[in-house]
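Please open the structure in a viewer and keep the selection tool at hand.

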Amino acid sequence: MSEKTQRAVFATRIGAVATTVGSAVGLGNIWRFPYEAGTHGGGAFMLFYILFIFILGVPVLCAEYMLGRGTRKNVFGAYRVTQPKGSQWHLAGVTGILASILILSFYSVVAGWTVEYFFGSVSGALTNNPSQDLHERFAEFSGGTWRPLIWTWVFLLTNFVVLLRGVTKGIEKVSNFLTPMLFVLLVIFCINSLTMSGAKEGLEFLFRPDFSKIDSKVLLAAMGQAFFSLSLGLGCMLTYGSYFSPRTRVVRTAVTTAGLDTLVAILSGVIIFPAVFTFGMSPSAGPTLVFEVLPSIFNNLALGRVWSSLFFFLLILASLTSTISMSEISIAFFVEQLNMKRTTATIVNTSIAFVLGSLCALSFGPLSDFTIFGMTVFNLFDYVSSNILLPFGGLVVSFFVGWKINSKFIENELTNHGQDSCHVKGALTICLRYVAPIGISLIFLNTLGII
Ligand code: PHE
């Protein structure tokens, strides 16, 4: 990030919350949450997801905010100025860079599907055909070659132009205003879903944990989703924390961000699962779930075309504020560590995502048989980044802030240099020192079958 933006500060508390929520709320909530919940047993997944948001997500979010605001630097710089002399903690930033590029690649494919659906809604092609089997139509589209590729490229180019022209702030302003609108739409769709015949079954699936379904896969997936959804473990929130004003209250902001983000995910689940059971679909369809279900919902709504155009438009914007935040991570790295110009760094970032994103876009069609460890490129990137790299980044940052930073630094960040009171310092310290590092390690070990 440039020196100029580095020194910028969010003027208001709302500004700080809105921008971090802008990064957090996106396809992770509306697309990834329902599909992960659907493939991992519904209620069992939900239970652990919520638990992990609060015992791992909020503390790690606080750690990133504190490290960012206390140093006013990006992830590498933040570790550099606070780490004990001679240690190499800043190298942990490398997993964040890798994660940011992998996520940008597959995220752009899903954002590309959203763009297709937006145009389909505007033209009426998506919703004016109630008799047609909508989910077959999606399979046909996503399994093709050119359309998924082209929409992925269109999205990546839009992201590129926004980053390059430095209109990030503009987009964030617009989206600060439009995210609440997305929220209102979700509430309306929720009410609609609750009136469906499959509502009871859908809600039971999502909220009633079936304890027999809990296994290491569910735990890992719920932890990965918590990190992915909060944009944690790669330095995004740390970078945003570096823009917080000295008055911003770290813990409050973290709880608000996590609360709003979780609420959006739950709303999305409440929209999708009643519809899944009403239309006799399978909750475990995987990454395509939401795109198969949503058109059926819009089809059954009065003015469906208007609702769906508006919804997909807002979802594109929400995706863009998320991809902007993840792109900044690798761009900052290229600029500050490899001395590239910002323009070159942005081109490199987009070019890598172009190539990797194309492989992801073809994972549902021509490359669907090309698998590594039994996963398509799309699924592999999704799995490795969300379930491994992000929690690993979270483990490092919580351990670092919990054990390696002097406690005066933390005290200052939590109380805004003594101006505010903070009653949760003890609990937060316990979470950062013990709960998060040990919890994340246990889940990793459990996945590897060691415990
Ligand atoms: N949290 C974003 C979402 O839910 C995705 C994201 C992940 C953004 C990691 C930045 C970094 O859509």
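A salt bridge is taken here as a side-chain nitrogen of Lys or Arg within 4 Å of a carboxyl oxygen of Asp or Glu. By this rule there are eleven salt bridges. The model is predicted: local features need pLDDT of at least 70, side-chain atom pairs count only at pLDDT 80 or more, and totals for chains, interfaces and linings use all residues. Residues are numbered from 1 along each chain as its sequence is written, and side-chain values use heavy atoms, with hydrogens and water left out.

Select Glu 413 and Arg 69 to begin. These two residues form a salt bridge, with their closest N and O atoms 2.8 Å apart. The pair links distant parts of the chain, 344 residues apart: Glu 413 belongs to helix 18 (residues 407-415) and Arg 69 to helix 4 (residues 43-71). Helices are DSSP runs (H or I, at least four residues), numbered from the N terminus.

Now display the polar contacts, pairs of N or O atoms within 3.5 Å. An N or O atom in the side chain of Tyr 107 is 2.5 Å from an oxygen atom of the ligand. A backbone N or O atom of Ser 229 lies 3.1 Å from a ligand nitrogen atom.

Conventions
Polar contact = N/O pair within 3.5 Å; in protein donor to acceptor, adjacent residues only side chain to side chain. Helix = DSSP H or I, 4+ residues; strand = E, 2+ residues; numbered from the N terminus.
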